[in-house]
Amino acid sequence: MATELTEEGEFHRASSIEEAVTLLEERNAALISGGQSLMPLIRQGLIDRDVIVDISGIDDHTDIAVTDDGLQLGGLATHRDLIEADLWETPYRALPETAKEIGDKQVRNWGTIGGSVAHADPSLDYPPTMIVLDAGVQYTDGTETKEVPIDEFYLGQYFTVLEPHEIVIGVRVPKPSANTGVAFEKFAWRRGDMSLVNVAASVTVDETGSEIEAARIAVGAMGPTPLRLTELEAELVGSDPSDESHQQAVADRVGEFTEPVPEAHGSVEYKNRIATNLTRKTIRTAIERATEN
């Protein structure tokens, strides 16, 4: 472990996850990996810690690997690592598509998957895509590794199931069923900005492509946590994948289940209208991908 003393406090470079956990347990410490989430909060005075623990130099938990059972994302893998992974012709293609929409080049080069997931900003791009992929968040207290479905991981804005000394070390994505398509869409005022609204959808069709067997829809930046729209998913199941009027009717109901907060760049009505349009588009794209084979 390397330690530096600054006017603001101590900066530790942990050599292992276990060492980082110990520092989090013993000190008034904050964790940093890529720094793309933590540093803005420190500059705004929203985070006040005596100790910063840097885990960016730890070699473990950086791999991105496809297995027979699914996809494993290391918590310390960067957004760029995900974009450059060989996933574009796989059922997981929506994940690098999502990563491409995160921030600017510097953010994608330095920001990590685990740090982004743990940050729990409602505007984050990964959670909706990971929710429709039925992903699980893996985290540890240094001795035991736990996993929780990502749609149960978030409890509120910047608030998760993590204890102060626990660290996200990975995300596990199970292999999607055959004939499944997944899509992600985002609206921001400028490329690289945080989402005003984002939506992901997954659709599974039967072998003949004539009926939707399963569906998932999740929206971000429309409430204190990412929202899974189970009621609308149920309306898609059993319907004809070519029935675009039904899909539009489903998308038109998004506003019934969201909790958007008005902001300078968008009223509640405006955000709901964007969410409706993005939901229709993601459903259509997911269906096209489900039936393209």
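**Chatting through the model**

Me: What share of the contacts between residues at least 6 apart in sequence join residues at least 24 apart?
Reply: 60% of them do. Contact here means heavy atoms within 4.5 Å.

Me: Anything to know before we go on?
Reply: This is a predicted model, where local features need pLDDT of at least 70, side-chain atom pairs count only at pLDDT 80 or more, and totals for chains, interfaces and linings use all residues. Residues are numbered from 1 along each chain as its sequence is written, and side-chain values use heavy atoms, with hydrogens and water left out.

Me: OK. How many helices and strands does the protein have?
Reply: There are 11 helices and 15 strands. They are DSSP runs, numbered from the N terminus: H or I of at least four residues for helices, E of at least two for strands.

Me: And how compact is the protein?
Reply: The radius of gyration is 20 Å, close to the 19 Å from the globule rule for 293 residues, so the protein is as compact as a globular protein of that length. That radius is taken over C-alpha atoms, and the rule is 2.2 Å times the number of residues to the power 0.38. Along the principal axes, the C-alpha trace spans about 65 × 45 × 30 Å.

Me: What percentage of the residues count as buried?
Reply: 52% of the 293 residues. Buried means under 20% relative accessible area, exposed is over 50%, and partly exposed is in between (1.4 Å probe, protein chains only).

Me: What about charges, how many positive and negative side chains?
Reply: The protein has 24 positive and 52 negative ones, and the centres of the two sets lie 7 Å apart. Lys and Arg count as positive, Asp and Glu as negative, with His and the chain ends not counted. Each charge is placed at NZ of Lys, CZ of Arg, CG of Asp or CD of Glu.

Me: Switching to single residues. K271: buried or exposed?
Reply: K271 is buried, at 2% relative accessible area. It lies in helix 11, residues 268–291.

Me: Which residues is K271 in contact with, leaving aside neighbours within four places in sequence?
Reply: L196, V197, A221, M222, P260, V261, E263 and G266.

Me: Next, aromatics. How many aromatic pairs are there?
Reply: The count comes to four. One of them is F187 with W189, edge-to-face at 5.3 Å centre to centre with 75° between the planes. Rings of Phe, Tyr and Trp (its six-membered ring) pair if their centres lie within 6.5 Å; planes under 30 degrees apart count as stacked, over 60 as edge-to-face and the rest as tilted.

Me: Which pair does F187 form with Y270?
Reply: An edge-to-face one, 6.5 Å centre to centre and 85° between the planes. That pair links distant parts of the chain, with F187 in strand 12 (residues 180–187) and Y270 in helix 11, 83 residues apart. F187, W189 and Y270 form one aromatic cluster.

Me: How accessible is W189?
Reply: W189 counts as partly exposed, at 44% relative accessibility. F187 is partly exposed at 24%, and Y270 is partly exposed with a relative accessible area of 24%.

Me: Last one: where is D104?
Reply: D104 sits in the loop between helix 4 (94–100) and helix 5 (105–110). At 43% relative accessibility, D104 counts as partly exposed.
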